[in-house]
Amino acid sequence: MEPLFGIVLGLILAVASPAHDSCSCATNKWAVCAQDSPGNCTCRLVGSDHAVDCSTLTSKCFLMKAEMIPLKEKRLWRPPHGLSDSDGIYNPDCEDSGVFKARQCNQSSTCWCVNTAGVRRTEKGDRSLSCSELVRTRWIYIELTHKRSSSAFNVPDVAKALTELFESRYKLPPKYIAAIKYDPPLIQIRLDQNKKPRWDVDIADVAYYFEKDVNNDSIFHSNSKLTVSVNGDALAIEKLWIYYVDEKPPEFCMRQLAAGIGAVVTVVVLTAGIGIAVLLILRWLHTRKYKKFESKEMREIKTPSLE
């Protein structure tokens, strides 16, 4: 009877072990997952304690909030790879839906307005600053360069490979990829999302995941390195730039622009003044030399007549 009980117990453990191991979030390595009951895996994000939908991308706001958790806390649950520095990262205020709140403030009570990508679009102020609406980022321009390859890539092949990458890895429907231009080694990708249905991913989230992948700090649980293949040949991304364009123009104060224009005008005026002064000095020297030469000629002419 005991050997039979041992076999049954071993089978139960063998079945339960894979179920426990499978309780992880494939799209977010910073999510803490627990199996509440057989077949029910619940994942939450440390820092905000929001539930995470692991079937799609996590919002950029929640991701930035997770990155601000002190490293000593992350060591308790995150993969063994350290985070990169947090330049440009702040601890954002997020709505329950995961979108950024229109107004963001830091611990020193400095506030600013952001767009749906969490990018600042106004001057900084104090807590009296009012942000009437969360302006949508409609276009995202991604520019990247790749390393030199042994064989040249064709434009249609590059466009196809990147479209498939964004659709399969980042779950972005191709309809949001407005254009892909290729002028070796520069690749330009334009994402266009006028309105985002609830079931589609946000292009700002896609751009953030892509940026993390390129910087070898993948958010995906597998932490696998990004590989882009064009007809079997690797497309090694070297540099990356991302630009955000909102539905409404940014509201930066004109004081900085006026100061910059004033500085330029000052430099131009000083340069022009120095140039005019140099010209006047050169003309004066030339006139003086001519008068001396004319005076000498007159003396030479008058000398014979006196004899």
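This is a predicted model: local features need pLDDT of at least 70, side-chain atom pairs count only at pLDDT 80 or more; totals for chains, interfaces and linings use all residues.

Mentor: Residues are numbered from 1 along each chain as its sequence is written, and side-chain values use heavy atoms, with hydrogens and water left out.

Trainee: How many helices and strands are there in the protein chain?

Mentor: Helices (H or I, at least four residues) and strands (E, at least two) are DSSP runs, numbered from the N terminus. The protein chain has 6 helices and 10 strands.

Trainee: What span does helix α5 reach from its first C-alpha to its last?

Mentor: The expected span of a helix is 1.5 Å times one less than its number of residues. Helix α5, residues 203-214, has 12 residues and reaches 16 Å, close to the 16 Å expected. At its start, a side-chain oxygen of Asp202 comes to within 2.8 Å of the backbone nitrogen of Ala204. Asn216, with a positive phi near 60°, follows α5.

Trainee: How many residues of α5 are buried?

Mentor: Buried means under 20% relative accessible area, exposed over 50%, and partly exposed in between (1.4 Å probe, protein chains only). In α5, 11 of the 12 residues are buried, including Ile203, Tyr208 and Phe210. Of the 307 residues of the protein chain, 31% count as buried.

Trainee: What covers the buried residues of α5?

Mentor: The cover includes α2 (60-67), β5 (137-146), α4 (155-168), β7 (186-192) and β10 (237-246).

Trainee: At what angle do α2 and α5 pack?

Mentor: Axes are lines fitted to C-alpha atoms, for helices over the stretch in contact, and angles run from 0 to 180 degrees between N-to-C directions. Angles under 35 degrees count as roughly parallel, over 145 as roughly antiparallel, 65 to 115 as roughly perpendicular and the rest as oblique. Here the angle is about 40°, with the axes 9 Å apart, so α2 is oblique to α5. Contact means heavy atoms within 4.5 Å; among the residues making this one are Leu63 and Met64 of α2 and Tyr208 and Tyr209 of α5.

Trainee: Is His146 buried or exposed?

Mentor: His146, in strand β5, is buried, with a relative accessible area of 7%. Residues that His146 touches include Phe153, Ile187 and Leu235.

Terms used
A polar contact is a pair of N or O atoms within 3.5 Å; within protein, one must be able to donate a hydrogen and the other to accept it, and residues adjacent in sequence count only if both atoms are side-chain atoms. Lists of a residue's contacts leave out its neighbours within four places in sequence.
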